[in-house]
Amino acid sequence: MGWYNEFRTTKINYFLINIAYALGPLIYLYVKSITQSDFKFKKVYWWYFSPAIAFVFYRLSIFTYDALQPGFSDTQNGVLKIELDETYVQTISGFIETPFMLLFLAFTFQLFYNYRKKIKQYFSNTYKLELNWILSFLIIFSILFLYGTIQDIVGSFFTDLNYEERWWLNLLMALATLYVGVKGYFTDTTKLNTLDFSFSPKSIAIPDEHGDQTKESISRSDIDKVKALMDNDKAYLNPELNLSDLAKMAQMSRAQLSETINSGFNKNFNDFVNEYRVEAFKNMLKEKKHQQLSLLGIAQECGFNSKATFNRVFKKITHHSPTEYLNSLSY
């Protein structure tokens, strides 16, 4: 951009600090703050930023030392900047940054996918809570990070890349940052504010065939109670039904209900409720309700609250789309 030609004694090189050491932890904690309702910044999290903080202090230190040397005001870079930083530190830093970023990206993907698994144990309609925009951002950022790594390798070992050849990465990174910022600002995460995954499913011990109570299981009465709420009270028709709601209806703790559904019905909460909704939908088609309502209207009558969730769940359970299933019926 002509900066160095215009300002031949600029000291900007001391303060061009790569944010990679801070970016990985920032992305991880950002995703954690969204997917964990009781998130609070803990003192231990400062350790995640220790490489970034150490690098800033290092640059300030060599700047201070070089600034005290004679002739510093007449040059761009002092003795430590040239003989230490550019000769050794930047090379070593380049080898550390990549695994450091990969480590935090792996942690972030793991955090996100664990969240996606957990909401299926808590909510019956999860589409608006799946936070697909976060997954899109993580994929886009990972691709750009890979692109940047390849760019650095090419620039270091094959051919010199000038600013005009490198600036595309900066532009794409800026667009990705704007994307996640705008989506995050306008996404309603109210339901997640009180979300609590802290409980662990509990089991009720009953004797096995040898009279040994060390094997944990759930009681038949709990299974029957939950089944009655679904068959008779049709709790699944409530589109906002979650684990807490059903636990109150069954007069159980959330942990007890979760264990009853997981072990007694061999399903997670989401699959358990939505299978009832799909069966209700199929029954309404047999009653020719589609002659008065659209397929989406029928789905909403059965407890689904979004077209995306309905289509995905129906396909998963029946291996057909709703339209294909309707066409397969013969009257």
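Reader: How much space lies in the second largest pocket?

Author: About 330 Å³. Bear in mind that this is a predicted model.

Reader: Which residues lie nearest the centre of that second largest pocket?

Author: Tyr127, Lys128, Leu129, Thr187 and Asp188, out of 14 lining residues. Two elements, α5 and α6, each give two or more residues to that lining, and the largest share, 3 residues, is from α6.

Reader: And what is the lining of the second largest pocket by class?

Author: It has 6 nonpolar, 5 charged and 3 polar residues.

Reader: OK, the largest pocket then. What volume does it have?

Author: The largest pocket has about 2200 Å³. Its lining has 50 residues, with Asn18, Glu97, Gln151, Asp152 and Arg166 the closest to the centre.

Reader: Which element gives the most to the lining of the largest pocket?

Author: That is α5, with 12 residues. Elements giving two or more residues to this lining include α4 (79-120), α5 (132-157) and α6 (163-186).

Reader: How many charged residues are in the lining of the largest pocket?

Author: There are 7 charged residues, alongside 27 nonpolar and 16 polar ones.

Reader: Switching to the core. Which residues touch the most other members of the largest nonpolar core?

Author: Ile134, Met230, Leu246, Leu257, Phe272 and Phe281, in a core of 74 residues.

Reader: Take Phe281. What is it in contact with, leaving aside neighbours within four places in sequence?

Author: With those set aside, Phe281 is in contact with Leu295, Ile298, Ala299, Cys302, Phe310, Phe314 and Pro322.

Terms used
Residues numbered from 1 in each chain as written. Predicted model: local features only at pLDDT ≥ 70, side-chain atom pairs only at ≥ 80, totals over all residues. Heavy atoms only, no water. Core = buried A, V, L, I, M, F, W, Y, C linked by side-chain atoms within 4.5 Å. Buried < 20%, exposed > 50% of the residue type's maximum accessible area, 1.4 Å probe, protein only. Contact = heavy atoms within 4.5 Å. 1 Å grid on protein atoms, 1.4 Å probe; cavity = no way out; pocket = protein on both sides within 12 Å on 5 of 7 lines; lining within 4 Å. Points joined across faces, edges and corners; volume = space filled by probe spheres on them. Helix = DSSP H or I, 4+ residues; strand = E, 2+ residues; numbered from the N terminus. Nonpolar A, V, L, I, M, F, W, Y, C, P; charged D, E, K, R; others polar.
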